[in-house]
Amino acid sequence: MSGASRQLTLLLLFSCCVVAREVHAGEQCTAAGRQAEYYTAAVFEHRPFLSPDPLALISRQQALRLISRNLDIYEQQVAAAARKGAQILVFPEDGLHGFNFTRPSIYPFLDFLPHPPLLSWNPCLEPHRFNDTEVLQRLSCMAIKGEMFLVANLGTKQPCLVSDPGCPEDGRFQFNTDVVFSSNGTLVGRYRKHNLYFEAAFDTPPTADLTTFETPFAGSIGVFTCFDILFLDPAVKLIRDTRVKHVVYPTAWMNQLPLLAAIQIQRAFAVAFGINVLAANIHHPSLGMTGSGIHTPQKSFWYHDMEDPEGRLLVAQVPRNPLGLVGAEKAVDKVDPSHHRFLKVLAGDPSCERDSGGVPCEEAPTQSLPTAPTFHAEMMYDTFTLVPVHEKAGYLQVCSRGFCCHLLYKRPSLSQELYALGVFEGLHTVHGTYYLQVCALVKCGGLSSDTCGQEVTEATGVFDLHLWGNFSTPYIFPLFLTSGMVLETPDQLGWESDHYFLRKRELSSGLVTAALYGRLYERD
């Protein structure tokens, strides 16, 4: 994508955070204030060396040779992050061994991992305490050398008795595992991925880990992995039960537009819960894998590039106490004409229920909402009901199963593009099973209705908009993406009269997606 291949560089200047960036590499950071209120975080999007045949059965030494090539890259990035003052560095899921293994073929790649809460162990300083821990030893030594907390993902093994409940027939559990080392090399955290995504080589843990670790710079930090972000257990329970304000998130995410690009869901999670998310993705453009970021509720620093063959190190200052986007109860600007019209429509004022071309509600003649022609199209493997967005300004509504989405919009000019407002409520069943309520304004792939829902990254249509729906869940994730894979920040989010809404004016570039992605976990 244009612009995203340029390097994002963040420099600490005295006590302020200054961002030197080029267009589309991220958003500009405001003055940070006192350094004590911030910490410096890093994430690395890694292009791994992969096994030429992940189905082949190889020796432990052969597996370690492959892993060592990736660990060599990790060591270089630890040194680079240390030079920038990073206090914590996150590496991606599958970054050391790759993917597409069978249960037997991944076994040589697995380290033995004891349960951290049961003992204090520093693999770098105690390398002979346990067998098959060569990878953990190198990671621990990296943390010491870089004087930083280090988060990495690897495969681990845990012996069990076949008579134990849930023990696999081969007498061992195999887990997709995140490990955390403190700056002195001590193992301080372990998280075993709960929601596996076509990972036959690994087991689901008997119970979901709610993993946190303590740091001197940010307090408690939570951990989960990739596909976990879409589910109640453990991601939402972790935030809800532990009240952490920071999450480290190794991932190997394949982008799927228009709703689930990696940086979209990372940022949406940060905004929805008012937390910081430090997300490190695999870099493998031919598989659609790119998109890492350091996300706060107010700002994001990200990397997404489908052309550059190499990954990227991102470093940014992160607030210790992130501020969420202001809620409706604190920021309703009743002087703003667009928001005034929104409130009138929501209140059921008939003079607002028309495609008025921007005429203020109080001046618009009374008439009922025109019936827009609906059509159906597949988006993200789900059948959405949509209405076209043709005019320069107006109000549209589209419903499914009693769930209704609304759009109040104004455009400075019409572009030669088709946009559509779509609604979906139901159980998503492809590549995972989960219940959704979605309101989405999307740019279509072409000018015909059957292209709506296709993957698009470039757009020119600019909107001022209110998007809202009568959601029956509090778990709503705002997805906002503009041309060139640029993340936008909503001006306002919140509840109004039992409807959840998103408001945005003056987009920086053409709109690709503006969506409210609701999850009804209890109906999964």
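This is a predicted model: local features need pLDDT of at least 70, side-chain atom pairs count only at pLDDT 80 or more; totals for chains, interfaces and linings use all residues.
How do the residues of the lining of the largest pocket divide into nonpolar, polar and charged? They divide into 28 nonpolar, 7 polar and 6 charged.

**Stop 1: the largest pocket.** Select Y197, F198, A252, W253 and M254. Of the 41 residues that line the largest pocket, these lie nearest its centre. The volume of the pocket is about 770 Å³. Next, colour strand 17 (382-389), strand 20 (419-428) and strand 21 (434-443); each of them supplies at least two residues of the lining. Strand 21 gives the most, with 3 residues.

**Stop 2: helix 3.** Select residues 134-146, the 13 residues of helix 3. From the first C-alpha to the last, helix 3 reaches 19 Å, close to the 18 Å expected at 1.5 Å a residue. Now show the side chains. V135, L136, Q137, L139, S140, M142, A143 and G146 are buried. An α-helix has 3.6 residues a turn, so residues three or four places apart point the same way. Then step to E147, which follows helix 3 and has a positive phi, near 55°.

**Stop 3: the disulfides.** How many disulfides are there? The count comes to 5. A disulfide is a covalent bond between the sulfur atoms of two cysteines.

The link is right-handed, with 100° about the S-S bond. C124 counts as partly exposed because its relative accessibility is 22%, and C141 counts as partly exposed at 30%.

Move on to C399 and C404, joined by a disulfide with an S to S distance of 2.0 Å. The torsion about this S-S bond is about 110°, so the disulfide is right-handed. C399 is partly exposed at 31% relative accessibility, whereas C404 is buried at 16%.

Next come C444 and C452, which also form a disulfide. This link is right-handed, with 85° about the S-S bond, and both cysteines are buried.

**Stop 4: Q416.** Finish in the loop between strand 19 (403-410) and strand 20, where Q416 lies. Is Q416 buried or exposed? Q416 counts as exposed because its relative accessibility is 73%. Select T460 as well: the C-alpha atoms of Q416 and T460 are separated by 8.5 Å, although the two residues are 44 residues apart along the chain.

Terms used. Residues are numbered from 1 along each chain as its sequence is written. Side-chain values use heavy atoms; hydrogens and water are left out. On a 1 Å grid over the protein atoms alone, a cavity is a set of points where a 1.4 Å probe fits but cannot get out, and a pocket is an open set with protein on both sides within 12 Å along at least five of seven lines; lining residues have an atom within 4 Å of a point. Grid points are joined across faces, edges and corners, and a volume is the space filled by probe spheres set on the points. Helices (H or I, at least four residues) and strands (E, at least two) are DSSP runs, numbered from the N terminus. Ala, Val, Leu, Ile, Met, Phe, Trp, Tyr, Cys and Pro count as nonpolar, Asp, Glu, Lys and Arg as charged, and the others, Gly among them, as polar. The expected span of a helix is 1.5 Å times one less than its number of residues. Buried means under 20% relative accessible area, exposed over 50%, partly exposed in between (1.4 Å probe, protein chains only). A disulfide is a pair of cysteine sulfur atoms within 2.5 Å.
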